[in-house]
Amino acid sequence: MRKRLRVAAYAVCVRDGQVLLARSPADGGGFEWVLPGGGMEHGEDPLDTVVRELDEETGYRVEVTGLLGLDSSRHVFGREGLHGPVDHHGLRIVYEGRVVGGELRNEVNGSTDMAAWHDLDAVPGLTRVRLVDVALRLWRERPVDGRAFVPTES
């Protein structure tokens, strides 16, 4: 079985009771809300990754104001193209960010198609990926070990 590690960096940007999220196509159709951010390029520092990804996905320039924690996920995918199963391990670095410039806009020809501010109280009602819940828990609770448990949906 092939093994794949993907390291990515994301930012929780909250202002005036709202969190910045991006919309992404969901598996099986439809859309889901995700935390702005994405995969690290080889040789890139994770802090530079999150700044670059937020600019690409939202149009905003952000200042990283803190490291909130880490989230790790592991899934085995049955087949990938002509290859057999893949054991995928994702390591997600979650930062806190503050918008310092730019203008909100949607990403063009990228992994997301829309960026928007959402009331924190409305997030539970959104179709979203688990990382949004993990990141908001890290932001609210600031655990010393930088980890937050959020159960996966069955």
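Helices (H or I, at least four residues) and strands (E, at least two) are here DSSP runs, numbered from the N terminus. Gly 146, for instance, is found in the segment after H2. The model is a predicted one: local features need pLDDT of at least 70, side-chain atom pairs count only at pLDDT 80 or more, and totals for chains, interfaces and linings use all residues. Residues are numbered from 1 along each chain as its sequence is written, and side-chain values use heavy atoms, with hydrogens and water left out.

Let me remain with Gly 146. Its relative accessible area is 8%, so Gly 146 is buried; buried means under 20% relative accessible area, exposed over 50%, and partly exposed in between, with a 1.4 Å probe and protein chains only. Leaving aside residues up to four places away in sequence, Gly 146 touches Leu 68, Gly 69, Leu 70 and Leu 138, where contact means heavy atoms within 4.5 Å.

I turn now to the interior. A nonpolar core is a set of buried Ala, Val, Leu, Ile, Met, Phe, Trp, Tyr and Cys residues joined through side-chain atoms within 4.5 Å. The largest such core has 21 residues, and Val 12, Val 19, Leu 21, Leu 35, Val 94 and Leu 136 have the most contacts inside it. Strand E1 (2-15), strand E2 (18-25) and helix H2 (130-141) each supply at least two residues of this core. Which of the elements gives the most? H2 does, with 6 residues. A second, separate core of 11 residues includes Leu 54, Tyr 60, Ile 93 and Trp 117.

Next, the charged pairs. A salt bridge is a side-chain nitrogen of Lys or Arg within 4 Å of a carboxyl oxygen of Asp or Glu, and by this rule the count comes to 12. In one of them, Asp 113 meets Arg 23 at 2.7 Å, N to O. This pair links distant parts of the chain, 90 residues apart: Asp 113 is in the loop between strand E6 (86-102) and strand E7 (114-119), and Arg 23 is in strand E2. Asp 113 counts as partly exposed because its relative accessibility is 28%.

Arg 98 and Glu 63 form another salt bridge, at 2.2 Å, N to O. Arg 98 lies in strand E6 and Glu 63 in strand E5 (residues 60-77), so the pair ties together parts that are 35 residues apart in sequence. A further bridge joins Arg 142 to Glu 96, at 3.0 Å, N to O. Arg 142 lies in the segment after H2 and Glu 96 in strand E6, so here the parts tied together are 46 residues apart in sequence. Arg 142 is partly exposed at 41% relative accessibility, whereas Glu 96, at 17%, is buried.

Finally, helix H1. The expected span of a helix is 1.5 Å times one less than its number of residues. For the 13 residues of H1 (residues 46-58) that gives 18 Å, which agrees with the 18 Å between its end C-alpha atoms. Its buried residues are Thr 49, Val 50, Arg 52, Glu 53, Leu 54, Glu 57 and Thr 58. Just after H1, Gly 59 takes a positive phi of about 85°.
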